[in-house]
Number of protein chains: 2
Amino acid sequence: MRPTISTVARHAGVAVSTVSRYLNGHYVSRPVKARLSKVIGRLGYSRSWTARNLSLGRKGCVGLVVDSNQSPWFTQLLIGIEKELATRESSLMLSTGYSGRSDSGIALEWIQGHRIDGLIIVKYGARERSLLAQALRSKIPTVLLAPREAAPNQRVVRSDNYHAGVTIANHLADLGHKKIAFEGGVAHLDLKDRLRGLTAGLARRDIRLNPKLVSFCGKFEPQAGMEFANRFFKKAPAVTAMVLGNDSLALGFMRVAHHRGIRIPQDLSVTGFDDIPESGLVWPGLTTVAQPMREMGRLACRKLFDLSPAATHEAIECPMRLVVRESTGPVLPRPR
Amino acid sequence: MRPTISTVARHAGVAVSTVSRYLNGHYVSRPVKARLSKVIGRLGYSRSWTARNLSLGRKGCVGLVVDSNQSPWFTQLLIGIEKELATRESSLMLSTGYSGRSDSGIALEWIQGHRIDGLIIVKYGARERSLLAQALRSKIPTVLLAPREAAPNQRVVRSDNYHAGVTIANHLADLGHKKIAFEGGVAHLDLKDRLRGLTAGLARRDIRLNPKLVSFCGKFEPQAGMEFANRFFKKAPAVTAMVLGNDSLALGFMRVAHHRGIRIPQDLSVTGFDDIPESGLVWPGLTTVAQPMREMGRLACRKLFDLSPAATHEAIECPMRLVVRESTGPVLPRPR
DNA sequence: TTGTATGCGTTATCAG
DNA sequence: CTGATAACGCATACAA
């Protein structure tokens, strides 16, 4: 039998309420304080969170919902969240969308079972709509981290995709590129912003992004990047730089390029978005724009616990940082 | 105010105990059953896990402790664990070892705060010793997933590293390799097993692994693989195949190889262990031996809830699967 | 400053 | 089959 608060009370010869007050840093006389400290140490007592939460009417847990295929994103995000959560005596409950089902069942049960105080949904999209609806109905604070689609009047933390696009535009323009193609993957909010930024950034440098060289293949996986690459190289458009909608696509694209003997960046510069760990691992390393996942995780927690009305109205936009590696280079005079 | 069990009882005109019995599938008469079903649906009632757990004297949560730098491993592992946990009305609490501290503070608090029913420690090593000790003291069932060091009489799930080594040995021998080098990274239990298997497997094919070509650089990161590669290529030993202790090292190694113009696999075959996602993403793809992480996660949960004495004595060893990609090829006649 | 009493939402043990 | 009632371990008005 583990010692409970009443065990402590008995051993110290006081009432449980006194112990409770002691534990919560309220009024206790010096001598009693000393005695309790001793008894607690001797018994190795510590509070039961379950009981404490029940009494306080809270859960001491926040839920995190994330698609299972986001592995690279993931770790950084977790670190940020955990660090912030530790401050709040709260811990993390996790659900990856493992089930092939279209809804996020586990998280729904969290809500219905009153197991969480708040919810963070990563990359909110169609599959998570019913989840968000349920959270709203149950009045569980929810923040959308890098949502894929708009959700009005919600707590949102995202990265500044528009300026990321501008950044890529400037980088490529600086290197002398004028013939540029874009393949975005899935036409989500984020991706549209990236494209808008790219287009605007290039325009500012008097470069026009040919609409015929802009596409969305509808997927995000490296495999999709490979398939796109095969189509792309078959047509072999006169292009000196290829902008992919994210790093996964870009890595798949580069893999095929190597296979076909295309030299990067001499024959073709390639860029991505996100800066997943793999991007620094391949050769040539992928030039990309990094999302500050760790920071975003941390901000998501803050916003979750921020009950001011402003929280649900002002989205936080984190700046993305250009990471120049070897996959981009100056335009060379000789043709491909 | 959310409906509680007594709200339901009142609306249905029965006692709370009856509702409880209904909820847990015990004896209830047909008419009452029907009435309760209706009332619960109308009220949108569902049980409070906090209260339920308190009453049942359990926590409804298992803790997962994992080093933060294991990202690739991670997702697969989580999927396996979650799937199994869902069966047991239990959910997952997560802690990555973010803090630079040598102990795993968050998990310690879980134990002390009685927040978890069980604990899974991934890659148990020196940093987790105090955590395991605490878990034992508190009698919290714990399973060690792919431990780095031995821990007698514990629940253990690992992969069969010895046979993985043998598998690599056979693969290379089949391709005609005789001059083989090995760099293991950190000399953990797993790595020693891999080396033992490799050595034995090669010996069975009458190939001797030259001890001078066996090393442990003491790290596991791609960066370490890169540093090792630089040293390796400076000495340029007469070797046709390089076996790295894990995929991260191998990827770092290959990156430098490319950079130096070494052709893989024509000039040098390279293999790793683990099959992290990146290994299939680079070109050439890395030949490696896959750990069935998903399955291991699932087995870890099973073992956690298995209270038979056998559980703590027989370690589960999962077979690893050879994944042949482009980084290995036959030995070519012409020298480097 | 300390003790008493009550509530948090369930489950389980009893009688009836 | 059903209904009181006592746990579960802690927090907090309120009274002393």
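Author: The answers below set values against their cut-offs, and the model is a predicted one.

Reader: What makes chain A more spread out than a compact globule?

Author: Start with what it holds: twelve helices and twelve strands. The globule rule gives 20 Å for 336 residues, but the radius of gyration of chain A is 26 Å, so the chain is more spread out than a compact globule. Its C-alpha atoms fill a box of roughly 90 × 40 × 35 Å along the principal axes.

Reader: How many of the residues in chain A are buried?

Author: Buried residues make up 48% of the 336. Buried here takes 20 or more other C-beta atoms within 10 Å of the residue's own.

Reader: Why are the buried residues of α6(B) said to be on the same side?

Author: They are I106(B), A107(B) and W110(B), in a helix that runs over residues 105-112. Their arc around the axis is only 95 degrees, which puts them on the same side of α6(B). An α-helix has 3.6 residues a turn, so residues three or four places apart point the same way. After α6(B) comes H114(B), with a positive phi near 55 degrees.

Reader: What makes a residue count as near DNA strand C, and which are closest?

Author: Its C-beta atom must lie within 6 Å of the strand. 25 residues surround DNA strand C, and the closest are S17(A), S29(A), I5(B), S17(B) and S55(B). α4(B) gives the largest share of that surface, five residues. By type, the surface has twelve nonpolar, eleven polar and two charged residues.

Conventions: Residues numbered from 1 in each chain as written. Chains lettered and ligands numbered in written order. Predicted model: local features only at pLDDT ≥ 70, side-chain atom pairs only at ≥ 80, totals over all residues. Helix = DSSP H or I, 4+ residues; strand = E, 2+ residues; numbered from the N terminus. Rg over C-alpha atoms; globule rule 2.2 N^0.38 Å. Buried ≥ 20, exposed ≤ 12 C-beta atoms within 10 Å, placed from the backbone. Arc of directions from axis to C-beta. Nonpolar A, V, L, I, M, F, W, Y, C, P; charged D, E, K, R; others polar.
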